[in-house]
Amino acid sequence: MSKKKKTLTIIISILIATSMLVVSVVYYFFYDISRIKGEELIAKSASPNNTYTVEVYKNNGGATTDCAVLCVLHYNDESKKDRNIYWDYHCDDANIEWTDEDTVVINGKTINDVTKNKYDFRNE
């Protein structure tokens, strides 16, 4: 391999690695709801067979932003890590309805297979 090709390969590798790092950081800080923590517990709702419990938290943004609602899925058998499944802005309450053991409707937003899917208002 010539010196020019080697240099070009190194430069392209560095650019790809840097791009991947930037994308990962942007996703983590601006789109990943798993790092959001609930502030004020306002409601709980268990699934029909009591496999899961959804806890609803109200997050108050203070004087500069509106309230938001975070819903956390808890596995009642404690074998798996809790996960955030719902994040909505400009609201301060949640209406939760389970349609079956793995599907929940929160404020009119249907989340099929709560173990894999989630709702995030920023993705609309």
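I take buried to mean under 20% relative accessible area, and by that cut-off Asp120 is buried, since its relative accessible area is 3%. I note at the outset that I am reading a predicted model.

**Entry 1: salt bridges**

I began with Asp120 and looked for its charged partner, which is Arg122: the two side chains meet in a salt bridge with an N to O distance of 2.7 Å. Arg122 itself is partly exposed, with a relative accessible area of 29%, whereas Asp120 is buried at 3%. How many salt bridges does the structure hold? I find 3 of them.

I then turned to Glu55 and Lys44, whose side chains meet in a salt bridge at 3.5 Å, N to O. Glu55 lies in strand E2 and Lys44 in strand E1, so this pair ties together parts that are 11 residues apart in sequence.

Lys116 counts as exposed at 62% relative accessibility, and Asp113 counts as partly exposed at 26%. As background, I wrote down that side chains of opposite charge can pair when their charged atoms come close.

**Entry 2: the sheet of 5 strands**

I traced an open sheet of 5 strands in the order E1-E2-E3-E4-E8, and its pairing is mixed. Strand E1 (40-46) and strand E8 (119-120) are the edge strands, each pairing on one side only. Within this sheet I looked up how strand E2 (residues 52-59) meets strand E3 (residues 68-75), and found that they run antiparallel and are joined by 8 bridges.

**Entry 3**

I next followed an open sheet of 3 strands, ordered E5-E6-E7, in which the pairing is antiparallel. Its edges are strand E5 (96-100) and strand E7 (109-111), each of which pairs on one side only, and the twist from one strand to the next averages 25 degrees. Strand E6 (residues 103-106) runs antiparallel to E7 and is joined to E7 by 3 bridges. For Val105, I found that the bridge partner in E7 is Thr110.

**Entry 4: nonpolar cores**

Which residues touch the most other members of the largest nonpolar core? Among its 18 residues, I noted that these are Cys71, Ile85 and Ile106. Two or more residues of this core come from each of E2, E3, strand E4 (83-89), E5 and E6, and the largest share, 4 residues, comes from E3. I also recorded a second, separate core of 5 residues, which includes Tyr57, Leu70, Val72 and Trp87. In soluble globular proteins, nonpolar side chains tend to be buried together.

**Entry 5: a nonpolar patch on the surface**

Lastly I looked at the surface, where Leu8, Ile12, Ile16 and Met20 form a nonpolar patch with about 400 Å² of accessible area together. I looked up Ile16 individually: Ile16 is found in helix H1 (residues 3-30), and Ile16 is partly exposed, with a relative accessible area of 47%.

Definitions and conventions. Residues are numbered from 1 along each chain as its sequence is written. This is a predicted model: local features need pLDDT of at least 70, side-chain atom pairs count only at pLDDT 80 or more; totals for chains, interfaces and linings use all residues. Side-chain values use heavy atoms; hydrogens and water are left out. Two strands pair if DSSP finds at least two bridges between them. Axes are lines fitted to C-alpha atoms, for helices over the stretch in contact, and angles run from 0 to 180 degrees between N-to-C directions. Patches are made of residues with over 30% relative accessible area and no salt bridge: like charges are joined within 9 Å, nonpolar side chains (Val, Leu, Ile, Met, Phe, Trp, Tyr) within 5 Å. Accessible areas come from the Shrake-Rupley method with a 1.4 Å probe; for residues, only the protein chains shown count as cover. A salt bridge is a side-chain nitrogen of Lys or Arg within 4 Å of a carboxyl oxygen of Asp or Glu. Buried means under 20% relative accessible area, exposed over 50%, partly exposed in between (1.4 Å probe, protein chains only). A nonpolar core is a set of buried Ala, Val, Leu, Ile, Met, Phe, Trp, Tyr and Cys residues joined through side-chain atoms within 4.5 Å.
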